[in-house]
Protein chains: 2
Amino acid sequence: MELRPIGVIHSPYKDTQKLPYQGYKGKGISQIEVFEEFEQGLQDIEGFSHIIVIYWFHKSEGYHLLVKTPWDDVPHGLFTTRSPHRPCPLGLTVVKLVARKKNILKVRGLDALDGTPLLDIKPYISGVDERSVVKSGWLEGKLGRKRC
Amino acid sequence: MELRPIGVIHSPYKDTQKLPYQGYKGKGISQIEVFEEFEQGLQDIEGFSHIIVIYWFHKSEGYHLLVKTPWDDVPHGLFTTRSPHRPCPLGLTVVKLVARKKNILKVRGLDALDGTPLLDIKPYISGVDERSVVKSGWLEGKLGRKRC
């Protein structure tokens, strides 16, 4: 299975050490450059307040199946975390769409490194992607606290 | 960029003609088989009520940048739709985790074909993946109605 990027993400985060742990909460603005050949696929996207951005964790190498995160002092299964180190290094963030200019989308809350290859954009649809009654397992209540 | 699947989806939907248009609403149960070598990565997943499943649209061939969907009679940009025909044929569904037995996850609301290659599983996290004030552009109010 081979993928080729449809664009590239320009973000304020130049290296992994500077990536915020909860970037989705941040006010940092990123620019998603969709390659011009795909621009027509963005038609009508301005009507959506949020989009789902899928990208390639291009700095990720290898993975462990048990992961210690900043949110807990015991390890948990990789697939219960959002660690970038995964067998398929696919990243996913729901972001706020702030503006569009031609093939450039200005978004808020994208916690991806500068230069990250963009793979896909999907509309975030109320009632489809949103679940109101959710149990977040070991992460429950932890994200609001200080990191371990 | 090359991907290899981490599992396979066993679902009641045997061919594309029988796929429900709003499968996420359905009561159909699918079984996600995570290959045994990755089973440890599922540790503690039972605590999560919902997970994000990312898969490969293996029956998808080619794409158009403007798409007519069953929800409207005019075409819209591909990236404002969830069409399986995309430059990177990645599918994404938020599903209810019903049960786990070893490396098998029983889920509800997964609208993927039987035999679909599984690429990734991520925890659905309240407050991260959930947005309560959402504008759904041209799709607003349409999903509840009859298809065109």
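Reader: In this model, is A:Ser60 buried or exposed?
Author: This is a predicted model, in which local features need pLDDT of at least 70 and side-chain atom pairs count only at pLDDT 80 or more, while totals for chains, interfaces and linings use all residues. Residues are numbered from 1 along each chain as its sequence is written, chains are lettered from A and ligands numbered from 1 in the order in which they are written, and side-chain values use heavy atoms, with hydrogens and water left out. A residue is called buried under 20% relative accessible area, exposed over 50% and partly exposed in between (1.4 Å probe, protein chains only). Since A:Ser60 has a relative accessible area of 16%, it counts as buried.

Reader: The backbone oxygen of which residue does the side chain of A:Ser60 reach?
Author: A:Ser60 lies in the loop between β3 (50-56) and β4 (66-67) of chain A, where strands (E, at least two residues) and helices (H or I, at least four) are DSSP runs numbered from the N terminus. Beyond four places in sequence, the contacts of A:Ser60 (heavy atoms within 4.5 Å) are A:Pro84, A:His85, A:Arg86 and A:Pro89. At 3.0 Å, the side chain of A:Ser60 reaches the backbone oxygen of A:Pro84.

Reader: What is the relative accessibility of A:Ser30?
Author: A:Ser30 is found in strand β2 (residues 29-34) of chain A. Not counting residues up to four places away in sequence, A:Ser30 touches several residues, including A:His10, A:Pro12, A:Leu105 and A:Val107. A:Ser30 counts as buried because its relative accessibility is 0%.

Reader: What is the phi of A:Lys102?
Author: Most residues other than glycine have a negative phi, and most peptide bonds are trans. A:Lys102 sits in the loop between β6 (90-101) and β7 (104-108) of chain A, and it is exposed, with a relative accessible area of 62%. Although A:Lys102 is not a glycine, its phi is positive, at about 55°.

Reader: How much area do chain B and chain A bury between them?
Author: The same surface serves both copies, with 100% of the contact residues of chain B recurring in chain A. In that interface, 64 residues of chain B are in contact with 64 residues of chain A. Buried area is the accessible area (1.4 Å probe) that two parts lose on being put together, summed over both. With 64% of it on carbon and sulfur atoms, the area buried between chain B and chain A is about 6,300 Å².

Reader: Which residue of chain B forms a salt bridge with A:Asp120?
Author: A salt bridge is a side-chain nitrogen of Lys or Arg within 4 Å of a carboxyl oxygen of Asp or Glu, and across the interface of chain B and chain A the rule finds two. With the closest N and O atoms 2.8 Å apart, the partner of A:Asp120 is B:Arg86.

Reader: Which strand supplies the largest share of the side of chain B that touches chain A?
Author: On this side of chain B, at least two residues each come from β3 (50-56), β5 (76-77), β6 (90-101) and β8 (116-123). The largest share, six residues, comes from β8(B).

Key
A polar contact is a pair of N or O atoms within 3.5 Å; within protein, one must be able to donate a hydrogen and the other to accept it, and residues adjacent in sequence count only if both atoms are side-chain atoms.
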